[in-house]
Amino acid sequence: LKIWDAETGQETLTLKGHTVLVYSASFSPDGKRIASGSWDNTLKIWDTETGQATLTLKGHTGLVYSVSFSPDGKRIVSGSYDNTLKIWDAETGQETLTLKGHSATVNSVSFSPDGKSIASGSWDKTLKIWDVETGLETLTLKGHTGFVYSVSFSPDGKRIASGSRDTTLKIWDAETGQETLTLTGHLNVVNSAIFSPDGKRIVSGSYDNTLKIW
């Protein structure tokens, strides 16, 4: 992993410790730590000042595709090729819950703004919503006809955006799981989608080499 000065574009640190591809990284809310997920089946927690790995989290039996800190910085969620999500204690590195329900790789994970729910996107073409405390699946969102590569909550927690191999984005009601909009325009896989801070726009990135704002 590399850390860069956002003002100057200068590289400030290189974080070394994973043995193969680093696929995902997430800052803690206070900016003092980074969680990373790798195809070496582990997560690592890093100190952003020193660049040192402070914890290595082991438990997945497959590649780790996605990691995310909770809004309060106390938890980390990860999604893996082993079809599971795991919730970890961000201070100790202990695995606290394993979330099972997807039938294929979990490619994307996202905490709700209040930290009470997790959304996941999978190669089984579904999204799922999970209760953080119990690990129970509360909703399954069906509508995509291809792998789901990206999931993101809106800032108010009322909506979820997803990007898929079927070249579309979809917007969902986070309470009911109902699909409310399908956004078409990309010509290839939609690999990333995220809401703007005010929740009024979404930016998406695609294998068609473009970004779109919606």
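1. On terms, helices (H or I, at least four residues) and strands (E, at least two) are DSSP runs, numbered from the N terminus. Glu49 is exposed, with a relative accessible area of 69%, where buried means under 20% relative accessible area, exposed over 50%, and partly exposed in between (1.4 Å probe, protein chains only). From Glu49 to Glu91 the C-alpha to C-alpha distance is 17 Å, with the two 42 residues apart in sequence.

2. This is a predicted model, in which local features need pLDDT of at least 70 and side-chain atom pairs count only at pLDDT 80 or more, whereas totals for chains, interfaces and linings use all residues. Residues are numbered from 1 along each chain as its sequence is written, and side-chain values use heavy atoms, with hydrogens and water left out.

3. The largest pocket holds about 690 Å³ of space. A pocket here is an open set of points on a 1 Å grid over the protein atoms alone, where a 1.4 Å probe fits, with protein on both sides within 12 Å along at least five of seven lines; lining residues have an atom within 4 Å of a point. The volume is the space filled by probe spheres set on the points, which are joined across faces, edges and corners.

4. Of the 32 residues that line the largest pocket, Val109, Ser110, Val151, Ser152 and Ile194 are the closest to its centre. At least two lining residues come from each of strand E3 (22-27), strand E7 (64-69), strand E11 (106-111), strand E15 (148-153) and strand E19 (190-195). The lining of the largest pocket comprises 18 nonpolar, 14 polar and no charged residues, with Ala, Val, Leu, Ile, Met, Phe, Trp, Tyr, Cys and Pro counted as nonpolar, Asp, Glu, Lys and Arg as charged, and the others, Gly among them, as polar.

5. Which classes of residue line the second largest pocket? Its lining has four nonpolar, four polar and four charged residues, including Asp114, Lys116, Asp156 and Glu175, and the space in this pocket is about 180 Å³.

6. Asn83, in the loop between strand E8 (75-80) and strand E9 (84-89), has a positive phi of about 75 degrees although it is not a glycine, and Asn83 counts as partly exposed at 24% relative accessibility. Thr167, in the loop between strand E16 (159-164) and strand E17 (169-173), has a positive phi near 80 degrees, again in a residue other than glycine, and Thr167 is partly exposed at 25%.
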